[in-house]
Structure formats: structure tokens, C-alpha cells
Amino acid sequence: AIDPDAPPPGRARWFGLDDPAVRAALRRSPRLLHAVASPADIDAACAALRAIGQDAGEPTAARRMTPQGELRWRITLRADGMPQLDGALPTLIEWLGVHPAEAMPASGVRLLDLTLHCADPRPVEAAYAALGLGWAVRQQARAGRTRLEARFDTPRGPVTLHGGLPEDGHDE
């Protein structure tokens with residue numbers, strides 16, 4: 001989400017957050033916009049994507065301080081800030097040193113599955129193969145915008161997060 005108290009970053013915001021349709025949808029309700037994947041070698045993953053005509057962006061160093069210490073990572077950023085393949089191509093991240101999950105207490109939340117709804121899964125399948133992703137993703141042909149849907153098992157029972165943008169300006 002955009003921090004309303006922070007100054008504009010001087011570049012396009014990540015995950016398409018500058019897109020008016022994305023901002024309007026987020027004002028209506030939280031939603032799953034995008035996914036992030038952590039390949040074993042971010043540079044090799046970017047090269048594999050370029051070889052099939054996909055551009056995840058350039059790996060860019062980032063860091064921030066936390067109460068547990070400094071986190072450092074490299075993340076793929078595109079100059080336009082927009083996720084590719086209508087949001088189905090994940091942003092890539094490579095953690096340098098400590099992974100933030102190591103300092104988090106157990107939540108009891110577990111991802112059950114991630115479903116990708118899209119009209120043409122072929123370019124997504126090619127990208128996932130190039131990345132060597134072993135994600136449990138079921139691809140379902142569907143007309144309209146690409147969207148992700150994540151199902152979780154939680155201590156309060158199953159929860160589903162719906163993603164993407166509404167087709168007609170109204171939520172599903």
C-alpha cells in the first residue's frame with residue numbers, strides 16, 4: 001500500500017500502485033495484486049525470462065532496518081513499476097543474509113493453494129518453467145483480466161484472498 005505520509009518516491013511505484021485502476025480498486029477493498037518469488041539465482045532467472053521475451057526488471061539492491069537488525073535483498077524492478085503478464089509474472093527477490101521469516105513467530109497460517117485465472121496460460125506456463133517455479137498453481141482458462149486467488153488455512157478456518165481488478169469497476 002502507498003504510505004500517505006511518505007513523499008512520492010521519484011519513480012514509478014512497485015506492483016502497479018500508480019495505476020489509477022489499481023488505486024481505485026484498493027480504495028474499495030484490500031486485494032491480492034501480485035506475487036513475489038525467490039529463485040535460487042536472481043540473475044540467472046532474469047536471463048532465463050529475457051530469453052523467452054519476458055522482462056521482470058533489473059535486480060536492485062534494497063535494505064531497511066528492523067528491530068531484529070538490517071534486512072538486505074535484491075528485487076526486480078521495472079522502470080514503469082508494472083507487473084508483467086497482467087500480474088501473473090512474479091516479482092523476483094533474493095534475500096541477502098537473514099530472511100525476515102526467521103524472526104517471525106509461528107502464525108498458524110498455511111498457504112493451501114494459489115490459483116491463476118487467465119484467458120491464455122501459455123505465456124505464464126513458459127515463464128514459470130523458465131523460472132523453475134514449483135508453485136502449486138492451477139491455471140484455469142478464463143476470459144477477462146488475469147487474477148490470482150490464494151487459499152489459506154488459518155487458526156480461524158479457511159480464508160481466500162481474491163486478486164486482480166474487477167472487470168466492470170465492481171468487485172466480484
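Colleague: Which residues does Val-22 touch, not counting residues up to four places away in sequence?

Modeller: This is a predicted model, where local features need pLDDT of at least 70, side-chain atom pairs count only at pLDDT 80 or more, and totals for chains, interfaces and linings use all residues. Residues are numbered from 1 along each chain as its sequence is written, and side-chain values use heavy atoms, with hydrogens and water left out. With contact meaning heavy atoms within 4.5 Å, Val-22 touches Gly-16, Leu-17, Leu-33 and Leu-165.

Colleague: Is Val-22 buried or exposed?

Modeller: Val-22 is found in helix 1, helices being DSSP runs of H or I with at least four residues and strands runs of E with at least two, numbered from the N terminus. Buried means under 20% relative accessible area, exposed over 50% and partly exposed in between, with a 1.4 Å probe and protein chains only. The relative accessible area of Val-22 is 6%, so Val-22 is buried.

Colleague: How far apart in space are Val-22 and Gly-164?

Modeller: In sequence, 142 residues separate Val-22 and Gly-164. From C-alpha to C-alpha, the distance in space is 8.5 Å.

Colleague: Good to know! Which strand holds Leu-116, and how far in space is Leu-116 from Ala-88?

Modeller: Leu-116 sits in strand 5, which covers residues 110-118. Leu-116 has a relative accessible area of 0%, so it counts as buried. Ala-88 is 28 residues away from Leu-116 in sequence, and their C-alpha to C-alpha distance is 7.4 Å.

Colleague: What share of the contacts with a separation of 6 or more comes from residues 24 or more positions apart?

Modeller: The protein has three helices and eight strands, arranged along the sequence as α-β-α-β-β-β-β-α-β-β-β. Of its 172 residues, 33% are buried. Among contacts with a separation of 6 or more, residues 24 or more positions apart account for 59%.

Colleague: Now the rings: how many aromatic pairs are there, and why is the pair of Trp-14 and Phe-15 classed as it is?

Modeller: There are two aromatic pairs in the structure. The ring centres of Trp-14 and Phe-15 are 6.0 Å apart. Rings of Phe, Tyr and Trp (its six-membered ring) pair if their centres lie within 6.5 Å, with planes under 30 degrees apart counted as stacked, over 60 as edge-to-face and the rest as tilted. The planes of Trp-14 and Phe-15 stand at 90°, so the pair is edge-to-face.

Colleague: And where in the chain do the partners Trp-73 and Trp-95 lie?

Modeller: Trp-73 and Trp-95 make a tilted pair, with 5.3 Å between the centres and 50° between the planes. Trp-73 is buried at 10% relative accessibility, whereas Trp-95 is partly exposed at 23%. The pair links distant parts of the chain, 22 residues apart: Trp-73 lies in strand 3 (residues 69-77) and Trp-95 in strand 4 (residues 91-96).

Colleague: What is the phi of Phe-15 near?

Modeller: Phe-15 is in the segment before helix 1 (20-28), and it is partly exposed, with a relative accessible area of 26%. Most residues other than glycine have a negative phi. Phe-15, though not a glycine, has a positive phi, near 60°.
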